Amino acid sequence: MFIRFMKIWVGGAILIALFVCGVGAPWLAPHDPQAQTLEDRLKPPRWMDSGSPAYLLGTDNLGRDMLSRIIYGSQISLLVGTATVILAGFIGCALGAAAGYFGSTTDEIVSKISEIFLAFPFLLIAIAIMAFLGQGLFNLIFALMLSRWVQYCRVVRGEVLSLKERDFVTAAKALGGRDFYVLLRHVVPNTFSSITVIATFAMAVVIISEASLSFLGLGVPAHIATWGSMLSEGRSYINRAPWLTIFPGMAIFITVFGINLLGDGLRDIFDPKLRRQR
Amino acid sequence: MANETGGITRRDFLKQGAALGAGALVGPYIARAAFAASRDRVTIYHSSVADSIHPYNHSSSPIYGNWQHVIEPLVEFDTTKKDFVGVLAESWEFEGKRWVFKLRKGVKFHSGAPLTSRDVVFSVDKMRDTKGGSLQAPNFKDVTEMQTPDDQTVIFVTKQPIATFLDRVENRFVVSKEAAEKAGDPWYRNLVGSGPYKLVSYQRGGNMVFTRHDDYWGGKAAIKEVVFRKVTEDAARLAALESGQADFINNVPIHEVARLKRHPRVRIDQIEGLRMFFLTMNVGFKPFDNKLVRQAVNYSIDAPSIVKNIFDGIGYPVNGPVGPNVIGADPKLKRYPYDPKKAKELLTQAGYPDGCDVQFYYSAGRYPKDREVCQVIAAQMVKGGFRVELISQEWALFWGRDGVNGGKLPFYYIGRGSLTDADTLYDQYFRTGTTKRCNYSNPEFDKLILEQQKTPETKKRVALLQQAGKILMEEVPFVPLYNLADIYGAAKNLTWKKRPDERILGSDMGIK
């Protein structure tokens with residue numbers, strides 16, 4: 001049982017750890033992530049020579065505690081990841097379901113719009129929107145959502161197209177079910193397994209995108225600790241103080257690895273093709 | 001060359017292997033040769049390069065250095081002699097409300113046409129054309145008339161006597177009127193000057209190429225081609241220098257200096273800079289209209305700690321409104337001590353017992369470690385009772401008509417380069433109406449500035465500037481911070497005249 005669901009166990013454990021970090025940040029972090037102690041700048045991690053016992057992972061270029069910043073940074077990753085995935089999922093599913101179910105003009109319009117969005121590289125849209133709106137957490141979520149809903153839309157539309165031909169849908173309609181009711185009660189619930197898989201993968205991509213945008217200086221304002229902005233600020237010190245980039249880099253890597261693992265495990269379970277192979 | 005199975009034949013494998021081996025042997029030598037700077041071309045990676053092809057669409061020391069390759073000023077400040085020397089002007093005379101410049105004989109433009117007084121007047125007219133995009137107009141606001149009695153003489157008539165006029169014309173570069181008129185619209189499309197280099201190309205975003213003008217009146221330069229590239233990222237400039245891609249870079253990060261001093265092909269040059277860094281509070285915005293708030297900001301910022309910790313002590317905090325080496329400095333003035341408690345008290349007195357919100361602007365990548373400095377300043381201000389929103393803008397936006405020069409920014413981090421005389425700073429930032437950068441207005445202060453500008457004797461002028469400085473320190477429309485050392489990195493065999501005015505000129509360079 002454990003072996004079979006190992007991907008889910010490990011991925012899930014990492015995701016839970018991330019949630020614990022994010023939610024419990026005020027209790028877990030040993031220092032205020034914004035507190036600068038200029039006299040203690042660029043202290044190496046505790047286990048290195050001249051490391052300080054007060055700072056487990058060392059301090060950054062302004063004497064802020066690296067560990068606390070990474071813990072608080074998980075809040076942003078988590079918030080942006082979850083909010084974007086939910087919002088984009090909602091919009092994408094609604095539009096996709098409508099397009100697939102009603103077909104004709106509705107389908108035409110939704111498909112064309114999503115094709116326009118698909119024509120641009122995902123990060124490019126996000127950069128353009130951020131450059132237009134300016135820095136900020138909500139702008140960031142909005143930008144990522146706008147560039148992320150299409151994936152849901154395409155998949156849900158495809159699924160709904162095949163589902164609506166099935167007998168149980170015809171039966172529901174024959175019993176007098178209204179379109180809205182049939183769609184919500186009988187069609188959409190059947191797409192949930194695909195949506196779950198897309199959502200996990202999307203979350204990983206969104207977390208990386210947030211880090212990329214923050215790295216480029218287009219994410220949240222400079223003083224808020226995020227993994228991407230920590231990498232960005234630390235990279236000019238990569239020769240003198242490599243821990244400024246290694247730890248946030250590892251945080252991003254582990255998080256994205258965990259989420260991808262979870263998504264992969266879920267797909268193994270939900271995907272009928274893969275199930276048959278085993 | 002691939003055979004039918006899609007692999008490679010034995011012969012091909014041997015050939016390619018041999019080529020690879022030869023490359024591995026020769027490669028390091030080629031690479032080493034590439035590291036040395038060459039007489040044919042010097043590549044300079046700089047954090048600020050002209051943002052526009054309009055030669056007067058800026059007012060910034062390093063960018064004056066860009067244009068000075070092509071077009072030249074009447075006079076220039078020689079930082080070693082500590083006095084003005086003539087470039088296109090041979091001599092000059094201060095006659096009350098008139099400044100008379102005699103042009104150098106035998107100066108020719110790249111087109112072959114001789115320099116005349118009409119070219120000077122044409123250029124100044126373009127500098128005064130604010131609508132046409134010039135940011136240099138304030139330098140001539142007191143000039144009522146320009147006269148050209150003959151080809152070699154230009155007379156500037158001013159509203160009142162201005163003893164410090166040379167300071168304002170030192171960076172005003174002269175273009176060829178004939179060539180500009182021929183170019184049509186815009187006039188700077190075909191820029192012809194008299195400088196040691198000709199402009200080959202300009203690309204938006206800061207990529208400039210100059211090639212030597214062999215018939216330069218001052219003698220042929222040693223370097224044939226000079227390339228400027230704008231790279232705002234410290235690490236990218238440094239990597240380019242270390243790999244031999246760039247021969248010269250500015251703003252070497254301080255924390256890398258020790259390592260680079262051991263580098264076999266790189267030399268580090270450290271020069272005490274003329275640039276003073278400060279924070280401007282635009283008094284046209286709330287809460288900076290209130291003197292107590294401005295004083296509170298001064299009390300809440302610990303500049304000595306920034307110099308010591310962020311800049312590893314390479315520089316010094318400024319006591320009073322300007323640094324100690326500037327004409328008009330007052331050794332008796334002291335900066336506001338770091339005292340966040342006092343700052344909070346003042347804020348309460350000013351009617352902000354719960355603190356107040358400020359938006360703090362800067363342009364990341366422009367100045368050494370600006371991102372870090374501004375974060376530290378913001379954190380220090382929070383301790384002083386402010387709530388700070390830190391906003392970074394791209395330089396052209398930050399500095400332009402929607403930013404500093406349009407009076408649109410309430411509070412910002414800035415450096416004034418080539419600061420040798422307090423008059424420059426006081427007139428440009430704090431005298432009523434010169435620029436919109438601060439919107440400060442104080443008739444008493446204006447009077448002192450006008451008075452000293454009329455005074456040719458330095459001693460009297462310094463006394464007046466000191467009085468003006470005292471007013472500034474009481475009213476503090478700004479927070480004077482520090483002067484830093486300019487740190488340049490160069491290929492070891494590249495020589496240049498170290499200049500404290502941030503100008504990097506191909507004509508100053510040579511190859512050892």
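Trainee: At what angle do helix α8 and helix α10 of chain B pack?
Mentor: Helices here are DSSP runs (H or I, at least four residues), and strands are E runs of at least two, numbered from the N terminus. Axes are lines fitted to C-alpha atoms, for helices over the stretch in contact, and angles run from 0 to 180 degrees between N-to-C directions. Helix α8 (residues 291–300) and helix α10 (residues 340–349) of chain B pack at about 165°, with axes 8 Å apart. Angles over 145 degrees count as roughly antiparallel, under 35 as roughly parallel, 65 to 115 as roughly perpendicular and the rest as oblique. That makes α8(B) roughly antiparallel to α10(B). Keep in mind that this is a predicted model: local features need pLDDT of at least 70, side-chain atom pairs count only at pLDDT 80 or more, and totals for chains, interfaces and linings use all residues. Residues are numbered from 1 along each chain as its sequence is written, while chains are lettered from A and ligands numbered from 1 in the order in which they are written.

Trainee: Which residues of α8(B) meet α10(B)?
Mentor: Contact means C-beta atoms, placed from the backbone, within 7 Å. Among those in α8(B) are Leu292(B) and Tyr299(B), and α10(B) brings residues including Leu346(B) and Lys342(B).

Trainee: How many residues does each chain give to the contact between chain B and chain A?
Mentor: The contact takes 17 residues from chain B and 17 residues from chain A. On the side of chain B, α11(B) supplies the largest share, 6 residues.

Trainee: How many helices and strands are in chain B?
Mentor: Chain B has 15 helices and 21 strands.

Technical notes: Two residues are in contact if their C-beta atoms, placed from the backbone, lie within 7 Å.
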